[in-house]
Amino acid sequence: MMRMKTKATGLSPAVTNGESGFVGGGEPTAHDWELRPGGMLVQKRDLDTGRPPIPPPTIRVRVKYKSIYHEISINSQATFGELKKMLTGPTGLHHQDQKLLYKDKERDSKAFLDTAGVKDKSKLVLIEDPISQEKRLLEMRKNAKLEKASKSISEISLEVDRLGNQVSTFESIITKGGKVAEKDVLNLIEQLMNQLLKLDGIMADGDVKLQRKMQSSKIC
């Protein structure tokens, strides 16, 4: 019977600290790779070699917005979102209202410039995103209303606490056998009812709505 001979290859499997890899063939081991946003598996940039990492180069990109070109210096490994924030100043456009196009394709804010192929002197196009702008403005208005409602409830709360102290005083007087003028009692009740009406007129959601409910229960 003839014996089969195995031919050695230049890639021998090796295990180091529980991680598989290759030796002899120059291929990177498993721990030399990292998963980038978007699911792309790329080779790690700064391996732990004991030497200080080399800072990524700064590149200059040209971004066209309307008919004007803006030249921006930025880290080559920055994200498109970071570039948008840098463009807010020269364009006056909020970074959430921006769309950045590179090679006629819109780029996600979390994507990296170098991963997308952006290099020194690359050209990009910036356009306004009206849908994002509308959503942001609606959110701002909503937050402003909630903030105003919360402030109003806080003011009512202070007044209710003050009136609550008067109620306690009247109760103490009556408990000790004293008398309280009917007009004073009616006036106090009227003031409390006014605060309750103010609370009912406040439109609120979420935590502010809960805050309003708590104040209503104190009055009732």
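Me: How do S7 and S9 pair?
Reply: Strand S7, residues 98-102, pairs with S9 in the antiparallel sense over four bridges. Two strands pair if DSSP finds at least two bridges between them. Strands (E, at least two residues) and helices (H or I, at least four) are DSSP runs, numbered from the N terminus.

Me: What kind of model is this?
Reply: This is a predicted model, in which local features need pLDDT of at least 70 and side-chain atom pairs count only at pLDDT 80 or more, while totals for chains, interfaces and linings use all residues. Residues are numbered from 1 along each chain as its sequence is written, and side-chain values use heavy atoms, with hydrogens and water left out.

Me: Which residue is the bridge partner of leucine 101 in S9?
Reply: The partner of leucine 101 in S9 is valine 125. Glutamine 98, also in S7, stands opposite glutamate 128 of S9.

Me: And what does leucine 101 stand opposite in S8?
Reply: In S8, leucine 101 stands opposite glutamate 106. Likewise, tyrosine 102 has lysine 105 of S8 opposite. S7 and S8 pair in the antiparallel sense over two bridges.

Me: How many residues are between the strands in that hairpin of S7 and S8?
Reply: The hairpin of S7 and S8 has two residues between the strands, and lysine 103 there takes a positive phi near 55°.

Me: Where else is phi positive in a residue that is not a glycine?
Reply: One case is lysine 66, with a positive phi of about 60°. Lysine 66 lies in the loop between S5 and strand S6, which spans 68-75. Another is lysine 121, whose phi is positive at about 75°. Lysine 121 is placed in the loop between strand S8 (105-106) and S9.

Me: Is lysine 66 buried or exposed, and why?
Reply: Lysine 66 counts as exposed because its relative accessibility is 65%. Lysine 121 also counts as exposed, because its relative accessibility is 67%. Buried means under 20% relative accessible area, exposed over 50%, and partly exposed in between (1.4 Å probe, protein chains only).

Me: Back to the sheet. What is the order of its five strands?
Reply: The order is S6-S5-S9-S7-S8, in an open sheet with mixed pairing. S6 and S8 are the edge strands, each pairing on one side only.

Me: In what sense do S5 and S9 pair?
Reply: Strand S5 (residues 58-65) pairs with S9 (residues 123-128) in the parallel sense over four bridges. Tyrosine 65 has leucine 126 of S9 as its bridge partner.

Me: Which residues of S7 are on its covered face?
Reply: Gln98, Leu100 and Tyr102 are on the covered face of S7, while Lys99 and Leu101 are on the uncovered one.

Me: New topic: which residues have the most contacts inside the largest nonpolar core?
Reply: Val61 and Leu83 have the most contacts inside this core, which has 17 residues. The elements giving two or more residues to this core are S5, S6, helix H1 (80-91), S7 and S9. S5 gives the most, with four residues. A nonpolar core is a set of buried Ala, Val, Leu, Ile, Met, Phe, Trp, Tyr and Cys residues joined through side-chain atoms within 4.5 Å.

Me: What does leucine 83 touch?
Reply: Leucine 83 touches Val61, Ile72, Ile74, Leu100, Leu113 and Leu124, not counting residues up to four places away in sequence. Contact means heavy atoms within 4.5 Å.

Me: Which residues does the second core include?
Reply: The second core is separate and has six residues, including Ala149, Ile153, Val160 and Ile202.
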